[in-house]
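Here are a few friendly notes to read alongside the model.

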Amino acid sequence: MGGINAAGRSSGHRGYRRTILDVLPDTEQTRTLVALAALMQLVNRDETGQWRDADGTRLGEREIVERYRERILAHTLIRRIEDDAFQQAGIPGNRELTMTLEAPLRFTTSRRQLPQPLPPGWEVHEQDRHSVEVSVPAGDLHALLPEHRQAQVRAAGQLPQGFAPDTFYRSVHHPRGLSMAIFGVSDCLGQSGLDWEALRDRLDPDAIAVYAGNSIGQLDDAGWGGMLKSYVSGNRVTSKQMPLGYGQMPADFLNAYVLGSVGATGAIQGACATFLYNLRLGVEEIRQGRRRVVMVGTSDAPITPEIIEGFRAMSALADDQSLMALDALELLTDADYQRACRPFARNCGFTIAEASQFVLLMDDSLALETGAQILGSVPEIHVNADGWKRSISAPGIGNYITLGKSVALARSILGDESVRHRTYLHAHGTSTPKNRTTESHIFDQIARANGIENWPVAAIKAFIGHSQGSAAGDQMASALGTFAHGWVPGIPTLDAIADDVYAERLRFFREPLEFGADATFVNAKGFGGNNATGLVLSPAVTERLLVKRHGQRAVDDWRHRREQTLAAAERYEAKADAGHFEVIYRFGEGVLEGPELTIGADAIEIPGYASPVSLKTDNPFGTLD
């Protein structure tokens, strides 16, 4: 597992620990805060192992916590958007204006700035090689005048202040989402403790797959956002904006510059369920025996004025006016923005966020053979649509089916007792009035059908906001943290459960809940009827299943091999905690175009790959010979 969101780095459960910080032992709190200080570029560790601030002053870990704790807490998780455009400077734009000229207007400008073709009646006289005098006749003149509009939405789940993923590798005009993807998958590989080249060499290259994308593409200025507004903003389209804007581009980047994979690839888009859609594809590929290793992930960077305005126009976001009305305030403070997302409480809209999350899937035999860490297992992801709807964004019935199937599968694997007392829900929990009612009703009805009376509910968007297609990836990272540390994050913004929430059989809590979970249900309830629920089993349950399938001796041997993997992972995490990230970006290395291949009827040999690609395929259709 690896990635980054508003809580911090996913590897080592650092981001998860930020959401349960107050219940951690003092030593773990210190380690978490120091790692965040390094991530935020507040301190760095020199060659001698000493911590130093930006001025070079030596600091101990206790001093780092004392000096920076409040700053770290204030500039992680949901907070006031730190981009100047969302503050007093305002969002740059244009205002359409019609002017009635009582007399001809004359002005001097650069020849290159003249509109083409010239509007009717305009007269142009050369002044020199570069300048012209323009005469515009009396009458109506249509123009766009620059302005700076004050943002109506000012809260978001932003990456920790000071962290810039594009500074850790040779990024050249990469959209933010792709830089985050490069960091996220590098973090995943580092945390795995595995040598990727060695892992790849032991497999048929076609046994590896990458399924990664996002829900709305790259819409910042370096991607489709800049391309689509180029004409009205007076800028030129670059050669990179079109290709780098595609929603499947995270997978393309990982294949070309990180993994060197020639196996299956792609991305499935499903609004807020995008991460689970891609996870489902990876799980199915492994279950069918087509792949042995699959990298799955998403990377979304939607904190741009245009995307935010689009969601605001839908009345989907918690804007400033709605937040003030909710609490009868005349002014919003930084503390109010930090409380913008309130799942299952009185609320007024979701809080947008950015995140990149990746998980490395393996079939169980390979995991045992390689001594891989097993953070959990995913037996199935269920996906169902809503059927007939009034509005494309309105809730529907599909999520009842996905959660119902997932609980039925869990009951089959774990038994009734475990499902009723040792599972919990990772709610989509967006903080919209519709979601709090409809999702809680789904939970209530499934709980009733399965005899569950006190089902714990996590809703981590209260901390990190809604990262669109990466939201379920955030939930997955949190779930794996709960399995490792035994705490379910609370909902700190839940002052009181809203009256229209079906809470009779659900357990809501503000503080972290100590809970020994056998499994969790990661739920996504997306725009357009994109519903998905993933059953995630704990490492302890997974190991019990492995013993049943492979025998105790095989699992004991795996534990012995895992020691080396864990040691490598710990070395990576120690470097990452110090802000020394091993980001992988191999531009132009090992490039092959076809003539270098050795092609046979049954296999293709590729230079640089230890094993050939087998061309043998299953034929379920019969033969005509």
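Two strands count as paired if DSSP finds at least two bridges between them. Please keep in mind throughout that this is a predicted model.

1. Let us begin with strand 19. Strand 19 and strand 21 (residues 506–507) pair in the parallel sense, with two bridges between them. Within this pairing, Trp 455 sits opposite Leu 506 of strand 21.

2. Strand 19 also has a link to strand 18 (residues 423–426): the two run parallel and are joined by two bridges. Here Leu 425 is the residue that stands opposite Val 457 of strand 19. Together with helix 17 (residues 433–449), strands 18 and 19 form a β-α-β unit, and its hand is right-handed.

3. Strand 25 meets strand 26 (residues 603–605) through two bridges, in the antiparallel sense, and Thr 598 has Glu 605 in strand 26 as its bridge partner.

4. Does Ser 192 come out buried or exposed? Ser 192 belongs to helix 4 (residues 176–192). Its relative accessible area is 10%, and because buried means under 20%, Ser 192 counts as buried. The side chain of Ser 192 reaches the backbone oxygen of Leu 189 at 2.7 Å. Leaving aside residues up to four places away in sequence, Ser 192 touches Leu 360, Gln 373 and Thr 565.

5. With 12 residues at 1.5 Å a residue, helix 20 should span 16 Å, and its end C-alpha atoms are 16 Å apart, so the two agree. After helix 20 comes Gly 551, which has a positive phi, near 95°.

6. What covers helix 20? Its buried residues are Pro 539, Val 541, Thr 542, Glu 543 and Leu 546. The elements covering them include helix 14 (364–370), helix 15 (398–414), helix 19 (471–485) and helix 21 (552–577), along with strand 17 (377–384) and strand 24 (530–537).

Technical notes
Residues numbered from 1 in each chain as written. Predicted model: local features only at pLDDT ≥ 70, side-chain atom pairs only at ≥ 80, totals over all residues. Heavy atoms only, no water. Helix = DSSP H or I, 4+ residues; strand = E, 2+ residues; numbered from the N terminus. Right-handed = clockwise from strand over helix to strand, strands pointing away. Buried < 20%, exposed > 50% of the residue type's maximum accessible area, 1.4 Å probe, protein only. Polar contact = N/O pair within 3.5 Å; in protein donor to acceptor, adjacent residues only side chain to side chain. Contact = heavy atoms within 4.5 Å. Expected span 1.5 Å × (residues − 1).
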